Amino acid sequence: MLAESTELPGPSSSSKPLLLRLQETLTSCSRLIESGDDDQSKETVSYLVNFLDSVSDAAVSKPENEDAKNNALEVLSETYRFLCSPSMDQSVIDALSFELPKPVSKFSAVSSECSEFARSIINQFIETSSPRDMLSILCEALASLSETFKSTACVSPLVSGLSKVILSIKRRHFEQVKVTIPVIIMALKTMSLESDDDITELENLFETAIGVADSIHSVSVKLEGIASEKLCALLGLYILGLYILQAKALVSVSPTYELSSWLPMTSKLASFLPYCGLSYLGLITGSDVDQMTKIVLEDDEDDYFSYLSNVNLGASLSVIWGQISDEVSQAAKEDLNVVKDELQNNQAKRWQAIGMLRHIFSSCDLPWELKRHSIDFLFCITNGNNSRKLDDEDSDCSCYITSLFSALQALTVVIIYASDSVLRRNAFEAIKRVLADIPTSQRFDILKALITNCDSSSMIAILLDLVREEMRTERSQRTSIETDEVSKDNNKACQTTLFWSASVLELVEFILRPPKGGPPVLPESGDAVLSALNLYRFVLITESAEKTNYTGVLSKDKLQKVYNEWLLPLRTLVTGIATENKSDHDQLAIDTVCALNPVELVLYRCIELVEEKLKHST
């Protein structure tokens, strides 16, 4: 807080033309407002706002101009001196409070001294005006300024002012804070993604935003019953929103920024969780988020929920920060090892946790480092639980299947786009662990959905290889059951043919004869085609050797279809491309021929096998 007006720099009257003009305008505003001349007073206040904008714009546009900076500081200090006058009429304060917060906040981009005066002017309005009016005034100014003036320094005084207004509200705390939080979140989001300011200024803005959380907490502890519960839930959602914005700001402002640099701020956020009744277990499974949302939202508030739509990401991040640092988990008063043990031993909660982690894996504007720690957390909770036995197949994950699929799909994106080879390998291992944690009866359907909804040929190839590995495992289990004299259970026998079915040939057909018609596009789809051919060859050889036909691969009609509709058109395509590029010696042609060589090799082997089977088929 600045000193009293008698100690402020700058005289009450001045020979400087700029200050004289300001003093005359302020005096005119005061006289017209007190006289009740609405039209003239509005016009004069509008002139004052334009005058202040012109002074701040001149200083901001030419930061090297010291005269412009000094003018800005003198104008702002004189404005503050005028507002602090003991003889100021309340009607004047009220009228100016509606218009001045936004233009004076712009001065914060000039210098730290101007920022202090801007905060003091806003604080003066808060102390002398209605808290309810100031709440709406500051919210409107913040929303407008954050859209048009991409400067964290300018936004900060308004956010700071809101933290003070919240403390001054006497009643209907929940309703008024509920309106305020989305405005702050949207302003922070805009600054995080679009501001050109450095990381230090953004950190200062987040510190100011945490000050709003402190104010909400201070008000909440004074309330009782449902009023306290609702405000507490709102505080929890706000904290989770800050977790999201903080993480995304790391990438947008400084992609190489170290996570450890934000640990103190993250620990501060974590310290609010226990008060809000939020536990790591409830956050990572989503149950606490559901509970808070029910408390905060009314039945007809779909628009408000759009602001909360990604709150599950914040819940997941809050736990992963505890994985990153013991300091953070201690601030949250949590023992993460206990949470991990619970998730290891409770499959339903583990599925919920995996579903929540998808929000981190799928977010394209989070640091890769956070995704790495999230995968490490997934490893911890699936440790010892991914070696499923046939006895466990009564587990039903139908109600979690959508979120599990989304998590797996998000992990494929990590594999495709991550530049770090270790992260890619870990993401692949995570996929295998999640798949192993899903009942076999639903595992094939998920793999099929992943393949048919993937645009990456290389990723499709990896997924098809996983299908083949599942078939090998299922074959081994089937052999074990058939040779076990004790085990004669038909249900178990049925479970060993879930992958060995006609559906696996449908997957091969999806690649070799795409739904849109014609053979696949080569060489772009070369990896997927090679993997599909290898899968078909594996099925054909295995069924032939074991004299089985679970997949229908040995049926004459199927052999004829494969030969005429899959293999021969593909051979025509491959030989045509090879012929076109054989005489061309540029690098692209050479790369194309090299890429098709393994496809051609496996393709001709498949054709030989099918021709041999057709000769002996009846």
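User: What percentage of the 618 residues of the chain count as buried?

Analyst: This is a predicted model, where local features need pLDDT of at least 70, side-chain atom pairs count only at pLDDT 80 or more, and totals for chains, interfaces and linings use all residues. Residues are numbered from 1 along each chain as its sequence is written, and side-chain values use heavy atoms, leaving out hydrogens and water. Buried means under 20% relative accessible area with a 1.4 Å probe, counting protein chains only. For the chain, the buried share is 52%.

User: How many helices and strands does the secondary structure of the chain come to?

Analyst: Both are DSSP runs numbered from the N terminus: helices are H or I with at least four residues, strands E with at least two. The count is 29 helices and zero strands.

User: Which residues of helix 7 are buried?

Analyst: Helix 7 covers residues 131-148. Cover for its buried residues includes helix 6 (112-128) and helix 8 (152-168). Those buried residues are Met-134, Leu-135, Ile-137, Leu-138, Cys-139, Ala-141, Leu-142, Leu-145 and Ser-146.

User: At what angle do the axes of helix 16 and helix 20 cross?

Analyst: The axes are lines fitted to C-alpha atoms over the stretch in contact, with angles from 0 to 180 degrees between N-to-C directions. Those of helix 16 (residues 311-324) and helix 20 (residues 368-382) come within 9 Å. The crossing angle is roughly 85°.

User: Which residues of helix 20 does helix 16 meet?

Analyst: Contact means heavy atoms within 4.5 Å. From helix 16, the residues involved include Leu-317 and Trp-321. Their partners in helix 20 are Leu-370, His-373, Ser-374, Asp-376, Phe-377 and Cys-380.

Conventions:
Buried < 20%, exposed > 50% of the residue type's maximum accessible area, 1.4 Å probe, protein only. Expected span 1.5 Å × (residues − 1).
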